[in-house]
Structure formats: C-alpha cells, structure tokens
Amino acid sequence: MGDVATPDDDLLLKNFFAEVSEVERENEVHRILSCFKLNAFEYLNLPFDSSLEDVKKQYRKLSLLVHPDKCKHPQAKEAFGALAKAQQLLLDPEERGYILNQVNNAKDELRAKRKKQLKKDTASKIKSLVDEGKYEQEFERSDEFQQQLKLKVREILTDQEWRRRKMQKRISEEEGRLKKDEEEEKEKWKRKREHEEQWEGTREQRVCFQLERFYEGRKEGEMIFWQISSCLVIVTVLQLVFLHTQVKKGEIRPPKLKTEDATKSYVQRPVKRG
C-alpha cells in the first residue's frame with residue numbers, strides 16, 4: 001500500500017528527529033500558529049499540487065516534530081491540533097475540492113493580470129509566443145508566482161469566508177426573528193386563554209352585579225318619579241292658591257268648564273268695573 005511507511009522512511013525520520021534541536025521545534029510551533037487559518041496547505045507547508053500521499057507524509061513528519069511529549073513549547077499542543085485539523089481537511093474530498101477551486105480562481109486572476117502586463121512589454125510578449133507557452137509555464141513555477149498565488153488565495157478565501165459569515169449572520173437573525181415572533185404569538189394566545197378563563201370564572205359574579213344594578217336603578221327611578229309627582233302636586237296647589245287670591249281681588253275669574261255650547265267662550269276675560 002502507498003500510504004504505509006517503509007522501514008527506510010522510519011529510519012530517515014528517526015535520524016531526522018535525532019538531529020532536531022529544541023529551538024527548531026519551537027520555531028515550527030511558531031510557524032504553524034502564524035499560518036493563515038483558512039488554508040490547510042499552509043499549515044502542512046505543502047504546495048497546492050500536493051497529493052494525498054504527500055499530505056500524509058508531511059503530517060506525520062510535522063506532528064512528530066511538535067508533539068507535546070517531545071516539544072517543550074507551551075503551545076505545542078495547540079500546534080499539534082492545528083496540524084491534525086489541516087490533514088483532516090485535505091483528506092476530505094469536499095473540503096480539498098473547495099480550496100483547490102479557490103486556487104484555480106486565483107491562478108485565473110493572476111494569469112489575466114499578467115496577460116495585461118505582457119501587452120505593455122513587447123519583448124516578453126514575443127518571447128512568450130516563440131516559446132509556445134513554455135515561458136509562462138516557467139514563470140508559474142517560479143517563487144515569485146508561487147508567492148503571488150499564495151497571497152491571492154488568501155485574499156479569495158478571506159472574501160469567501162466573509163461572505164459565508166455574513167450569510168450565516170443573516171440566517172441567524174432571521175431565525176431569531178421567527179423564533180421571537182413565534183414566542184410572541186404563543187404569549188398572545190396564552191394571555192387570551194387566561195382572559196377567557198377569567199371571564200368565565202367571574203360570570204356568576206357579573207350576573208349578580210348586573211341584577212343589583214338593575215334593582216337599584218329601578219328603585220332610584222321610582223324615587224325620582226315620586227319626587228317629580230310631588231313637585232307637580234305642589235306646583236298645582238300653588239297655582240290654585242294664586243288663582244283663588246286673584247279672584248277675590250276681582251282681577252280675574254277662573255276659566256269655565258268645557259261646554260258643548262258653541263256661543264260661549266272658554267276664556268274668561270277680566271271684569272270691567274264701572
């Protein structure tokens with residue numbers, strides 16, 4: 001099997017770690033912890049075209065270098081965990097495919113940028129045409145291009161992560177809003193049920209109260225009726241007394257009772273004294 005270490009590999013690793021000093025172990029811990037967190041290739045210090053076998057070998061080498069049992073650095077455990085996570089991501093087809101897809105996007109952007117530059121540089125453009133693309137292939141294998149590619153991949157991965165977090169934030173806010181609306185709706189129905197139960201519980205009390213108000217109103221109406229009737233009787237009596245007094249003085253006579261005689265007037269006029 002390709003992923004099984006041979007005795008020669010074990011011997012080479014053993015000799016390698018025998019020569020590694022504690023300073024080198026600590027430097028490797030610092031390198032791992034300072035890596036760009038979104039690029040697993042940087043943690044393992046591998047190029048983007050590394051195979052799965054390369055990933056496994058490099059992880060084995062670096063993990064032994066910073067293993068907490070062998071490295072005295074206080075953050076050796078953290079670096080060891082970062083390496084394990086990086087290997088897990090690169091061995092996962094979906095995660096590895098995502099990173100390589102961003103690498104391809106970065107290459108396309110750098111190639112387009114270089115193409116614009118070559119249009120201005122006539123000598124480089126002619127050389128590129130004569131070499132039938134070999135000039136560009138050599139450039140992409142150069143340290144300059146690899147460094148540009150590394151930085152461009154960082155830029156693209158950062159942008160994608162920012163977009164993902166913004167989307168996740170919106171989703172979380174929307175879920176929170178829906179949850180809040182649901183809780184408010186539940187609380188509304190709860191208050192409504194409590195109000196209905198309270199209303200039903202006080203039905204008998206409300207009926208008794210309405211009956212009491214009815215009878216009190218009836219008694220109050222009767223009292224007002226008798227008061228008004230008494231006032232009318234008093235007013236009538238006073239009017240009769242007043243009229244009787246006026247008759248005695250000869251100023252006016254009391255009206256006659258209604259009669260069927262059409263020749264007689266129903267209004268008594270004052271008597272003229274001669």
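Colleague: How many helices and strands are there in the protein?
Modeller: The protein has 10 helices and 0 strands, where helices (H or I, at least four residues) and strands (E, at least two) are DSSP runs, numbered from the N terminus. This is a predicted model, in which local features need pLDDT of at least 70, side-chain atom pairs count only at pLDDT 80 or more, and totals for chains, interfaces and linings use all residues. Residues are numbered from 1 along each chain as its sequence is written, and side-chain values use heavy atoms, with hydrogens and water left out.

Colleague: At what angle do helix 2 and helix 4 pack?
Modeller: Helix 2 (residues 22-33) and helix 4 (residues 52-65) pack at about 120°, and their axes are 9 Å apart; axes are lines fitted to C-alpha atoms, for helices over the stretch in contact, and angles run from 0 to 180 degrees between N-to-C directions.

Colleague: And which residues make the contact?
Modeller: Helix 2 brings R25, E28 and R31, while helix 4 brings L62, L64 and L65, with contact meaning heavy atoms within 4.5 Å.

Colleague: New topic: what share of the protein is buried?
Modeller: Of its 274 residues, 20% are buried, that is, under 20% relative accessible area (1.4 Å probe, protein chains only).

Colleague: Where does UniProt place the coiled-coil region?
Modeller: The unreviewed UniProt entry puts the feature "coiled-coil region" at residues 164-192, though such annotations may be inferred rather than shown by experiment. In the model, residues 164-192 are 100% helix and 0% strand, and their end C-alpha atoms lie 42 Å apart.

Terms used: Buried means under 20% relative accessible area, exposed over 50%, partly exposed in between (1.4 Å probe, protein chains only).
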